[in-house]
Structures are given as structure tokens and as C-alpha cells.
Amino acid sequence: MNRLLVSTTAASVIVSVTAAPRAAAQSAKDLVGTWTLVSAVAVQDGARIETFGTNPTGTLMFGSNGRYALIFLRNDLPALASNNRTVSTPEENRVIAQGIIAHFGNYRVDEADRLLVFYIEKSTFPSWDGAEQRRAYALSGDELTYTSPGSTGIAAKVTLQRLK
């Protein structure tokens, strides 16, 4: 009788473990590769703000060595009238500075707290130079989302698609 009970219990455990849906692994290894920006959306006073416009462009690359590089920008940045990036008007500079963010450094994944941690070495937003930023994230198949503190002071939900 005991053998039958043990065998039945063992079989039940095996069936329940193999039949139960498994959570996707969420480690730094799962992020390695190149990701394309889909959207960056903030909400302020109930209004939806598309941080980099309606059709943003950008890339986030995670290396297997723990390094990353990120560049996000508006798709409608103006060409400079002078055609020389060292000679531009204050208005051109303002529009461009408001339409781009780039930074690079090291990263890690805090699996327990489901956080993506950026150790920013340098950024086009110098206030972030040397900063550590912890961003709640979710990974579902080839879609990565995380919450950015936002260089404007308004948190934004960033959605990226894995580049194939």
C-alpha cells in the first residue's frame, strides 16, 4: 500500500511540475543583444506624453560582458541650417538637446527585485554622469519594458523590441 501511495504521489508531482507553466528566465543573459525603441511614454497630470515623439528611433545594446550603450531620439530632429554641428543656433541646440538621450556604462540585472541597474559612465544629460539607476523591468518574449526616471523629471515607460 505504501509503495502505491509513494508511486502515485511521485507521479502527481512529476505531472504537476511538468504541466505547470514556467516563468521565463529573467537574467542578464536574457537581455544580451540589440533592442530597438518602440515607445517612451510618460503620464503627467493624466496626459500622455510621448517623450521622443510618435515615431521614436533608438537602440539599446547589452553586451555579454556587462556593458551597455543606449541612444534614443526623436525621428523629426531638424537638420542644421549651417550643415556644421559646431555652428548651430540656440534654437537648433534646444530642439536637438530635448529630442535625444544617450548614455553608456555597465549594467546588471537584480533578479530578486526584477530591476535593471544601469551604472552610467557618461550621458548626453550630464546630470546622470556617474549615476546608478535602478529600473523596474519586464521581459516577455522579444519585448522588454522598463520604467525610466526620465531626464525631464517625469518617469516614462520604455518599450523595446529585440532586434532579430
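The following legends describe close-up views of a predicted model.

Residues are numbered from 1 along each chain as its sequence is written, and side-chain values use heavy atoms, with hydrogens and water left out. In this predicted model, local features need pLDDT of at least 70 and side-chain atom pairs count only at pLDDT 80 or more, while totals for chains, interfaces and linings use all residues.

**View 1. The largest nonpolar core comprises 23 residues.** Such a core is a set of buried Ala, Val, Leu, Ile, Met, Phe, Trp, Tyr and Cys residues joined through side-chain atoms within 4.5 Å; buried means under 20% relative accessible area (1.4 Å probe, protein chains only). Leu 60, Phe 62, Phe 72, Leu 116, Tyr 146 and Leu 160 touch the most other members. Strands that each supply at least two residues include β1 (33–44), β6 (115–123) and β9 (156–162); strands are DSSP runs (E, at least two residues).

**View 2. Contacts of Leu 116.** Beyond four places in sequence, Leu 116 touches residues including Leu 31, Phe 62, Tyr 107 and Tyr 146, a contact being heavy atoms within 4.5 Å.

**View 3. Glu 92 is buried without a salt bridge.** A salt bridge requires a side-chain nitrogen of Lys or Arg within 4 Å of a carboxyl oxygen of Asp or Glu; the nearest side chain of opposite charge, Arg 94, is 11 Å away. The side chain of Glu 92 instead has a polar atom 2.8 Å from the backbone nitrogen of Ala 81, and reaches the backbone nitrogen of Thr 89 at 2.9 Å.

Key: Buried means under 20% relative accessible area, exposed over 50%, partly exposed in between (1.4 Å probe, protein chains only). Helices (H or I, at least four residues) and strands (E, at least two) are DSSP runs, numbered from the N terminus. Lys and Arg count as positive and Asp and Glu as negative; His and the chain ends are not counted. A polar contact is a pair of N or O atoms within 3.5 Å; within protein, one must be able to donate a hydrogen and the other to accept it, and residues adjacent in sequence count only if both atoms are side-chain atoms.
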